[in-house]
Amino acid sequence: MDLYIALALQIVYGIANLVLISLGLAIIFGMMRVINLAHGEFLMLGGYTVVISTNAGVNIWLAMLILAPLVVGVIGVIVERVMIRFLYGRMVDTLLATWGLSLVLIGLVTTIFGAQTATTISPPIGAIQIGDFTSSGYELFLIGVTVVLSVLAYCALKYTRIGLIARGTMQGAEIASALGVSTSRTYAITFGVGAAVSGLAGGLLAPITGVLPSIGATYIAKAFITVISGGTAILAGTLSASTLLGGVNSVLSYITGPTIGEVGLLVVAIVLLRLMPQGITARLFRRSL
Amino acid sequence: MNHARENSWLILIGIVGAIFLIGAPQVLELFTIINLTTAIAMALLALSLGLVWGFGGILCFGQSTFFGIGAYAYVVAAINFGGTSWAVVVAILVAAAFAAVLGYFMFYGRVSDVYLGVITLTVSLIFYNLMRRTSGPEYKIGDALLGGFNGINAPPLNVPGDASWILFPEDVFYVAMAALIIGYFGCVWLVRSHFGRVAVAIRENELRAELIGYDVRLQKLILFAVGGGIAGAAGVLFANGVGRVTPDVFNLYNAALIIIWVIVGGRGTLIGPILGAFGLFYLISSLGQQTSINNNLVLGVILVVFVLLVPKGIVPSVIDLWDRKRGRRGQFRRHGRRQRRRGGRTAETSHEG
């Protein structure tokens, strides 16, 4: 029994982890149909923000939950204003430019902080006991954060005025702008919010993974495949794809080890895209957020 | 570019390539020659993406996948067969076959180009993660240990049919350069053939090509597999130039590098990506000797600057500039032909001359 609880917890954590690393990307993709190839570096910057400010004496909770999203969100807005907005409507060029940005960010962080692991921080919550098994309390906390984040995103999109504008722009940018919505400003805010969520995720994961200038590469493969499999509905897409792929990954990892788990995730995603090329939410849950 | 001028350029490129093939080992030191072999492998890889992306319009961000698979397949096959004669063939076929399988899911699923780029990149990154974890003794294919992070030593090429007659580094250079020249002219032939013209038609307007009656999915699949095979051949040369295959062939940096060669050199030309690969290879080698500027930073800035300011790449921009200068002088003689050629594509260019 205890084994099943521990196992179920692992699977739920696997899913929550995918949601956490993909949500920022999904927000930007859902709104602007732009895959941000610098997504991994936004996560990395969130991680660095936490490590550096904690080492400077800032409370770790403050650093993770407030500083990391704030710093990366501001960077996101700057990037949108300086680079992305010149490339709207040029999809491929946007991809390439964000890829260039990703390399620039890796290069800058390496130049400033060196290529090695920055001083790491330990998770602020210890292990907890489930019967005969110990489980990481911090992973439980991350599951909680993911749930809160998803609920917040849902409420923000569904019940606030900004959310209404965002949904309107998503469904028809031209009509929204004809009705007096400044789409350019909406996009800037979206990019900032997406970056902030990525920063938060990167900050939260920093105690588990440590930070390296190139750490982004370990997240993005999973994040990209989750968002693309999910389709353009921000929440329903991310949640459904994460549940499917995270579930497959966790179960396979439990049976055979992490190597096969990731390959299984990829194979499922590619077969899924053969069946539903526009992602899950283009076929199922069509009217969802 | 019109055909007559293009032909004279091709002859020039052929002559320069042949001189380089014969002359370089006479003039240069052995160390430079070994380095050049790696650069040539990179150029062949750039050529493969130049073909797939520039002429087929297939946005493949993970050409490194086929490159890496080619390199690994070559090494594993060479160790198992005890000679490299068939290993080269196996490497190219395995890379092409994997491209075909991946291409089947993407093209027959009608995945759009942005998705396609991200999916191919993801495949490459997953291979990177996968190969890094294969360090234990249980991970082996036949007699070849995969070696995880440290990779595998690559057996050097031998003369086909005689496993004991191993080629010297100079000989490997000849093989590599010959492969590049053959690859280049093979691609030129391909894009000028009926198949290549259909590929360009699909790049320009997929729906129109399909309505005319071409099987767009199959056409793209074949082109993608050919590109995968060329990338696999580049992997074989790379394994020989470096002497070792590590999971790093699949990493994000390499994937970005290939894209940057093609962007800098120019999409829609075949010589552009090759020149881009050579140029950046030497830029990075010279940067490698100092530590103050990071490679990633330089590459990132190059990519952003080219996307924002020189989106066509160097070679097409130079050709355009040349055309504009020449056009003013020779307009009467060439006017009719230019108009017919450009007629449908861009209305504004026809009244420029």
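Me: A residue is buried if 20 or more other C-beta atoms (placed from the backbone) lie within 10 Å of its own, exposed if 12 or fewer, and partly exposed in between. So which of those is Arg110(B)?

Reply: Arg110(B) is partly exposed, because 14 other C-beta atoms lie within 10 Å. Keep in mind that this is a predicted model, where local features need pLDDT of at least 70 and side-chain atom pairs count only at 80 or more, while totals for chains, interfaces and linings use all residues. Residues are numbered from 1 along each chain as its sequence is written, and chains are lettered from A and ligands numbered from 1 in the order in which they are written.

Me: OK, where is Arg110(B)?

Reply: Look at the loop between H4 and H5 of chain B. Helices here are DSSP runs (H or I, at least four residues), numbered from the N terminus.

Me: And what's up with the phi of Arg110(B)?

Reply: Phi is positive there, about 55 degrees, although Arg110(B) is not a glycine. Most residues other than glycine have a negative phi.

Me: What about Arg33(A), what's its phi?

Reply: Phi of Arg33(A) is near 55 degrees, a positive value in a residue that isn't glycine. You'll find Arg33(A) in chain A, in the loop between helix H1 (2–32) and helix H2 (39–55). Arg33(A) has 14 other C-beta atoms within 10 Å, so it counts as partly exposed.

Me: Switching topic: how many residues does each chain put into the contact between A and B?

Reply: Chain B gives 35 residues and chain A gives 32. Being in contact means that two residues have their C-beta atoms within 7 Å.

Me: Which helices of chain B are involved?

Reply: On the side of chain B that touches chain A, at least two residues each come from helix H4 (85–108), helix H5 (113–132), helix H10 (252–265) and helix H12 (295–309). H5(B) makes the largest share of that side, with 12 residues.

Me: Tell me about a residue in H5. Is Ser124(B) buried or exposed?

Reply: Ser124(B), which lies in helix H5 of chain B, is buried, because it has 27 C-beta neighbours inside 10 Å.

Me: What does Ser124(B) touch?

Reply: Not counting residues up to four places away in sequence, Ser124(B) touches Gly62(B), Ser64(B), Thr65(B), Phe250(B) and Ala255(B).

Me: Now H6(B). Which residues of H6(B) are buried?

Reply: Among them are Val172(B), Phe173(B), Ala176(B), Met177(B), Leu180(B) and Tyr184(B). The buried residues of H6(B) pack against helix H1 (3–27), helix H2 (30–55), helix H7 (194–204), H9 and helix H11 (271–287) of chain B.

Me: Which residues meet between H6(B) and H9(B)?

Reply: From H6(B) it's Val172(B), Ala176(B), Ala179(B) and Gly183(B), and they meet Ile230(B), Ala233(B), Leu237(B) and Asn240(B) in H9(B).

Me: You mentioned H11. Where does Ile274(B) sit?

Reply: Ile274(B) is in helix H11 of chain B. With 28 C-beta neighbours inside 10 Å, Ile274(B) counts as buried.

Me: And what is Ile274(B) in contact with?

Reply: Leaving out neighbours within four places in sequence, Ile274(B) is in contact with Ala43(B), Ala46(B), Leu47(B), Tyr184(B) and Gly265(B). Tyr184(B) is one of the buried residues of H6(B).

Me: How far is Ile274(B) from Ala100(B)?

Reply: Their C-alpha atoms are separated by 24 Å, and the two residues are 174 residues apart along the chain.
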